[in-house]
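Take a look at the sequence and structure first, and then we can go through them by topic.

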Amino acid sequence: MNSPLAGKVVVITGGTRGLGVAMAEAFGDAGAVVVVGSRSARSVEEAVAHLTARGGRAGGYACDVSDLAQVQALKEHALTTFGQIDVWVNNAGTGGPYGPTAHIPPVEFETVLRTNIFGAYHGSWVALQHFLPQKHGKLINILGQGEQGPVAMQNAYASSKGWLRSFTLALAKEYADSGVGIFAFNPGMMATELLTQLDVVAGYEERLKIMPTIIRMFAKPVSAPAQKVVWLAGPATDGRTGLVVRQFKPWDALAGALREGMRRLLKQEAPSLEMHYRTIPAALGAEAPHIENHTNRQ
Ligand SMILES: NC(=O)c1ccc[n+]([C@@H]2O[C@H](COP(=O)([O-])OP(=O)(O)OC[C@H]3O[C@@H](n4cnc5c(N)ncnc54)[C@H](OP(=O)(O)O)[C@@H]3O)[C@@H](O)[C@H]2O)c1
């Protein structure tokens, strides 16, 4: 195959569904070997079978990115099985409940931070341990809503993506002359489980009724952002470390809004979209978790 990515080994965290598996397919189509990880061993097995059935070379390893040891094990698995790693994509992410911050149980809020912040930190750390000595490699961190500013009612998710953008740009500065490319990518809205399986704090359900309309207007198929990530991993970005790329195009949003307006005007039926909502009890007023009194002596 003539593709510049032919034979390269690409690790994708959260590579078993949504954008992750779409990127795995796109890298596979470009001739790359793909290693996917996610928490569910069964999903990993199914994703590997799917990617192999499409004609690609693929491997996988069950890995929760919030645990550094598991991310290291993912790297070791890729190296033992395929002998090299050329691209690492920190894609695993979770949305967390919709609602105001003090109403969200700390355990739910922290799950988002552990996945989106610690997960991306672990993946970046592990990838750089490998890329820096070999003086090449591409690290791609997947951003999301909130990377450019605060988003009320989605504070855990949005602030984690703001942190990730800042973290990625700092890494790019620190290792500017290392030969390693460090990039951030915001794929824009996609109708994946992240958006169609929503947790909401009790009392805030009404506000999410608009979600199907928003998804119909603005969500794009996963294939376009997946292709863009393949581009980011390729030679077009050589020497361009620190690049932040966004898939969102204002024209697409306008076209989506016009399409939805026309549909309503013509009283056409809305395309079906399966949404799942889980209501969680509000934490406000609940007893605060017990914290040991701690004095910091120096
Ligand atoms: N959908 C959107 O509109 C949108 C917009 C902008 C950015 N993004 C970003 O795109 C990325 C992919 O999102 P998506 O929409 O494809 O979501 P998705 O369909 O929910 O897929 C998330 C993937 O991450 C895995 N995952 C979740 N928590 C994990 C953990 N702790 N450790 C390892 N894997 C974990 C999931 O598998 P398991 O559950 O089996 O672990 C799954 O494979 C995320 O970083 C998200 O923030 C999405």
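**A helix, a ligand shell and a buried loop residue**

Helix H9 (residues 250-265) has 16 residues, which at 1.5 Å a residue should span 22 Å, and its end C-alpha atoms agree with this at 23 Å apart. The expected span is 1.5 Å times one less than the number of residues, and helices (H or I, at least four residues) and strands (E, at least two) are DSSP runs, numbered from the N terminus. This is a predicted model: local features need pLDDT of at least 70, side-chain atom pairs count only at pLDDT 80 or more, and totals for chains, interfaces and linings use all residues. Residues are numbered from 1 along each chain as its sequence is written.

**Around H9**

**The ligand shell**
- The ligand is surrounded by 30 residues (C-beta atom, placed from the backbone, within 6 Å), and the closest are Gly14, Gly18, Arg39, Gly93 and Gly144.
- Two or more shell residues come from each of helix H1 (18-29), helix H4 (106-134) and helix H6 (193-196).

**Ile85**
- Ile85 sits in the loop between helix H3 (68-82) and strand S4 (87-90).
- Ile85 is buried, with 22 other C-beta atoms within 10 Å.
- Val35 is 50 residues from Ile85 along the chain, and their C-alpha atoms are 9.4 Å apart.

Note on methods
Buried ≥ 20, exposed ≤ 12 C-beta atoms within 10 Å, placed from the backbone.
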